Structure formats: structure tokens, C-alpha cells
Amino acid sequence: MTPIDDLADVERTLARYALLTREAMRRYLGDRAPARYLYDLVRDYPSRSGKGLRPALLLATCQAFGGSVGEALGPAVAIEFAHNAFLVHDDIEDGSHQRRGHPTLHQLHGTPLALNAGDALALLAWQPLCDGTPLSSRLSRRVSDEFLEMLTRTVEGQATELGWRADNVIELEPSDYLALIARKTCWYTTVWPLRVGALIGSADTAPLEALTRFGFYLGSAFQIRDDLLNLVGSTDNYGKDLLGDIKEGKRTLMLIHLLGAASAAERRAVMAFLAHAARSGVEAGRCSDMDAETVLELMVHHGSLEFAFQFGQGIAAKAYESFHDAFAAVPSSASRDFIEALVPYMLARTA
Amino acid sequence: MSKAEKGEGAPPANGFEMFPAASLDGFQRLGVQTAAQVIEGFIDLLGAGGATRSTVRDTGPSTRAEPEFAQLRVDVARALDLYGELVRRAFEGYADLLEQRQRATEVQADGADNGPLTLRVAADGAGTGGTVWIHNTTDESACAELHLTDLTAHDGKIVPSSTGCFEPAALTIAPGSSASARLEVVVDGFPEGIYHGHVVAGGLPEAALPLRLVIGAAPA
């Protein structure tokens with residue numbers, strides 16, 4: 001592995017790990033039947049070119065802590081299957097039209113079949129953890145326990161977000177947003193891969209608390225960047241519905257800031273828009289008096305995007321500091337450099 | 001104040017121009033403070049958790065082990081895992097063997113082909129016969145006095161037990177060995193059909209051999 005010098009290097013390393021993971025996933029998907037109504041759908045999202053951030057972080061952490069790719073490949077496949085299961089269900093819940101530059105699964109095949117394919121992906125995620133792996137029984141059990149905890153936290157976070165939208169909850173602070181994404185995003189995107197990578201690589205001798213802290217900061221920086229890209233990213237790179245978060249009424253940092261900074265009249269209009277979004281999902285932009293573009297203009301006008309960007313930069317700085325704390329006892333290596341480089345990558349990525 | 005906030009962070013090894021930490025402004029500071037508050041709450045929750053609680057206590061970076069010792073600790077943990085796994089598998093293999101042996105220590109009866117006994121005779125035949133085996137896999141010798149039950153067809157017709165006789169009529173089987181007896185059945189005058197019954201062994205309540213008697217051109 002070459003030293004990590006710039007964002008392109010990060011993406012090349014991500015691509016290498018993603019390739020390893022996809023090849024391992026293929027072994028689980030194979031030529032299973034029924035293809036037409038299930039496994040063709042199950043294979044769809046994993047075959048689209050995602051970044052593969054989660055398995056890459058897990059594999060690199062395992063290597064940095066002295067383990068091998070082979071030991072951590074099963075859990076890496078598990079998290080990628082789980083991620084794809086979440087995406088299928090998220091797209092249905094949000095009524096999204098695009099995923100990784102193509103129509104969403106439920107747009108292609110209808111909600112019932114897509115929902116079932118999402119269930120299948122969630123079940124498949126357990127298979128690499130149950131199979132005979134190179135891990136000892138003790139480590140396998142620890143990894144499975146961590147997996148169950150992570151899934152639980154993630155669905156709790158998702159439920160909170162959906163509930164806020166359904167009840168049109170307005171009185172929110174940035175701390176509420178961070179508590180939400182700590183559950184909804186950080187657990188499965190960064191905390192679990194870091195914890196499990198270190199657990200396997202160190203044969204459960206590494207202290208996990210500092211890694212967990214690093215994972216939360218890194219995951220928060222990742223999600224804030226993702227939310228910003230949804231508003232200002234390019235359609236070609238982003239691959240999802242631009243402004244989708246506004247149309248769906250997602251309680252992002254920018255929206256929370258806008259609700260605090262807007263005039264009384266603007267706030268009332270935004271609240272009405274959100275109430276409409278809660279009923280109509282992504283169709284809200286077409287039906288409400290205020291459209292998503294107007295909400296974005298208000299965000300720009302009131303500095304909500306700049307606020308979120310700076311807020312995220314502060315968190316990324318903290319992530320960088322917590323990386324050095326968590327990896328203080330880890331010898332220098334290409335894997336360690338790659339993980340370190342993920343911090344600025346989270347802020348600079350465009351897709 | 002953190003190292004990042006004071007600008008004391010070491011230059012990044014990866015070559016990126018990382019954040020000018022000393023110049024964190026209001027929103028950045030707010031981000032750091034808010035995140036720290038929320039994240040420490042989650043860390044506390046995890047610390048109180050069960051299955052996912054870290055097995056290793058973190059004493060902080062200043063007192064953390066040197067990399068050489070950390071590596072030694074990993075190597076020892078891996079070796080212990082390996083030996084633990086070997087011991088577990090060896091125990092499971094031994095336990096399986098013991099269970100198999102326990103299951104096998106009994107006295108069983110079977111036919112010449114290690115299964116139920118089938119005797120065939122033509123419709124105008126006078127009699128038929130076969131071999132009955134008794135296997136003793138216990139540590140003690142066993143005695144068996146052999147009997148034939150009535151044989152019954154699907155329509156209720158019976159070939160009575162008195163039509164069969166064993167030679168010898170009783171067997172003594174040494175520990176860990178087998179013994180056989182010849183069964184002869186006289187069927188002269190009984191109607192065609194398939195009759196079912198058992199060979200039982202007096203003194204061995206668990207030993208019973210299913211017997212199928214086919215008279216005439218019944219299906220094989």
C-alpha cells in the first residue's frame with residue numbers, strides 16, 4: 001500500500017478495499033434462486049459503485065492493529081450488506097427517487113418487492129458472522145454482540161428521525177441533531193467498523209473507548225458533509241436526489257439553524273412547508289406554497305450552510321485530535337495513515 | 001483546552017493540510033463543545049453496557065502501553081485464543097465419542113443384513129427360515145430366550161407364534177460379541193399375504209426384531 005498523500009489516494013485505497021469486499025459479497029450472493037423476484041434485487045445496490053467506506057475502515061483498522069484482511073473480511077461483508085439493507089429501506093421511507101445515480105429499488109420494482117429485498121439483505125448480513133470464520137469462538141461472539149448493538153442503535157436513530165418528521169418537531173438544537181446522527185449514522189458508519197477492526201486486529205486487547213470517541217467525531221463530520229452535499233453537491237457526483245433532505249423535511253443542522261435564525265414570518269412558512277413534507281414526502285416541493293429551492297435560498301441568506309460547514313470543521317478538528325489519542329499505541333503503517341487521512345477526506349469529499 | 005484548540009497537534013503524517021486548529025472560530029468551537037457533550041454521554045452509556053463493554057480498561061494515552069508491549073499482549077491473546085479453541089474442539093470431539101459409546105452400549109437384535117428380517121415362501125410352500133442376530137455391546141454377558149410373536153396381515157389374518165421355532169432356542173452372548181439362532185417358520189396351508197410380527201428376546205426387554213413374512217407372489 002502506498003502512502004496517503006491526497007484525496008485521490010484516499011479514494012484509490014477505498015476502491016481497493018471496496019473491490020475486496022465486493023468479491024467476498026459475490027460469494028454470498030452467487031446464483032441463488034429465486035433470482036427474478038429476490039436475488040436480482042438483492043444484488044442491485046451492492047453492484048452500484050458505492051464508496052465502501054465502512055468495510056474499508058474496518059479492514060484498515062484491523063490491519064493497523066496487527067490483524068489481517070482475511071480475519072476481518074467476514075465482518076466487512078456483514079456491514080456492507082447491512083448498509084445496503086438500510087439504504088433500500090431508507091429509500092422507501094423517504095420516497096427517494098435516486099440512489100447511486102440510478103432509480104431506487106422501489107422505483108424499479110415496487111415497494112413490496114424492494115422491502116422484501118431489503119429484509120433479505122439484512123438477513124444476509126448475519127451470514128458472514130455465523131459462518132466458520134478464521135476468528136476464535138470468543139472473538140466471533142464479541143463481533144456478533146457488537147453487531148447486534150450497532151443494529152439496535154441504528155434503528156433507534158432512524159425511528160427518532162422519522163418520528164420528528166411525522167410529528168413535525170421544530171424545537172430542536174444542534175445537540176439534538178448530533179444525538180440523532182450518533183445513533184442513526186455514527187454507529188454503523190464509523191464506530192462499529194473501528195471497534196470491530198480493533199477488536200479483531202488486537203485479539204480484543206485494545207481499549208475501545210478512545211476509538212469509539214474517534215468514531216463518533218468522524219461519523220458526525222461525515223454526516224454533516226453528506227447533508228451539505230445534498231444541498232450543494234453536483235448531481236453527477238452525489239448520486240441521490242439533490243435537495244431531497246429539504247423535500248423530505250429532514251432535520252439537518254442547516255434546517256435547525258434556519259429555524260433559529262429566520263424571521264417570524266419565514267419561520268411560519270418553513271414550518272408550513274415541513275408540515276406539508278411530513279404528509280407528502282419528496283412530493284412536498286411540488287405541492288407546498290414554498291418550494292425546496294426557496295428553503296435553500298433562506299438557508300444561504302441566513303448563513304445556515306456556512307454554519308453547518310464551520311460546525312462540521314470544528315468536529316473534524318476534534319476527530320483529528322481523537323484519532324491521535326485512539327491510535328497512540330498503534331505503530332505507523334499505511335493502514336494507520338489511511339485512517340488518519342479519512343478525517344480531512346470527510347470534509348473535502350464531493351460524493 | 002484540547003491540543004487541537006491550542007494548535008499543538010503534531011503535523012499530520014499523511015501530507016494533508018489539516019485544520020488550522022488554533023483558529024477555530026465561534027461556530028467551530030460550538031461544534032466541538034456540542035459534540036463533546038453529546039458524545040461523552042454516549043461513551044458513558046456504552047461503559048455501562050453489557051455485551052459491548054470493552055474488556056480492556058482504557059487508562060488514557062499517557063499511561064497506555066508501549067507499542068512493543070501492546071504487540072506482546074496481542075500475540076499472547078491470540079495464542080490463548082488458539083489454545084482455547086483447540087481445547088474446546090478436543091473436548092467436543094471427546095464428548096462426541098463418549099456419547100456414541102453410551103448410545104452403543106446395549107443389546108440389540110437384527111437380521112442377517114443388519115436390519116429387519118424378511119422371510120419369503122411360495123404360496124404352495126411348506127416353510128421358510130432366516131437368521132436372527134443378537135449383539136451385546138455392554139460390558140456384561142447377556143442371556144436371551146427367543147420367541148416369535150403372532151404374525152398379522154392387513155386384513156387381520158394371523159400366522160400364530162407356534163409356527164416358528166428357534167435353533168438354539170436360547171443364546172448366551174459374551175460381552176462385546178454377537179450370537180445367532182436359526183428361525184424356521186412352518187406356513188403350510190396359510191393364505192397368501194404379508195404378515196408382520198416380531199422376534200423378542202426373553203430377558204432383554206429392549207431387544208426386538210421386526211419380522212416380515214411374505215407368502216405367495218407379494219411385491220418384493
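Here is a short exchange about how terms are applied to this predicted model.

Mentor: Residues are numbered from 1 along each chain as its sequence is written, and chains are lettered from A in the order in which they are written. As the model is predicted, local features need pLDDT of at least 70, side-chain atom pairs count only at pLDDT 80 or more, and totals for chains, interfaces and linings use all residues.

Trainee: How do you know that the span of helix H4 of chain A agrees with its number of residues?

Mentor: A helix is a DSSP run of H or I with at least four residues, numbered from the N terminus. The expected span is 1.5 Å times one less than the number of residues. H4(A), residues 69-94, has 26 residues and should therefore span 38 Å; its end C-alpha atoms are 35 Å apart, which agrees.

Trainee: Where is the kink in H4(A) centred?

Mentor: On A:Pro75, with about 25°. The bend is the angle between axes fitted to the seven residues ending there and the seven starting there.

Trainee: What makes H4(A) mostly covered?

Mentor: A residue is buried if 20 or more other C-beta atoms, placed from the backbone, lie within 10 Å of its own. In H4(A), 20 of the 26 residues are buried.

Trainee: What is in the largest nonpolar core?

Mentor: Such a core is a set of buried Ala, Val, Leu, Ile, Met, Phe, Trp, Tyr and Cys residues joined through C-beta atoms within 7 Å. The largest has 113 residues, and A:Ala221, A:Ala319 and A:Leu342 have the most contacts inside it. Helix H9 of chain A gives the most to this core, with 15 residues.

Terms used: Helix = DSSP H or I, 4+ residues; strand = E, 2+ residues; numbered from the N terminus. Buried ≥ 20, exposed ≤ 12 C-beta atoms within 10 Å, placed from the backbone.
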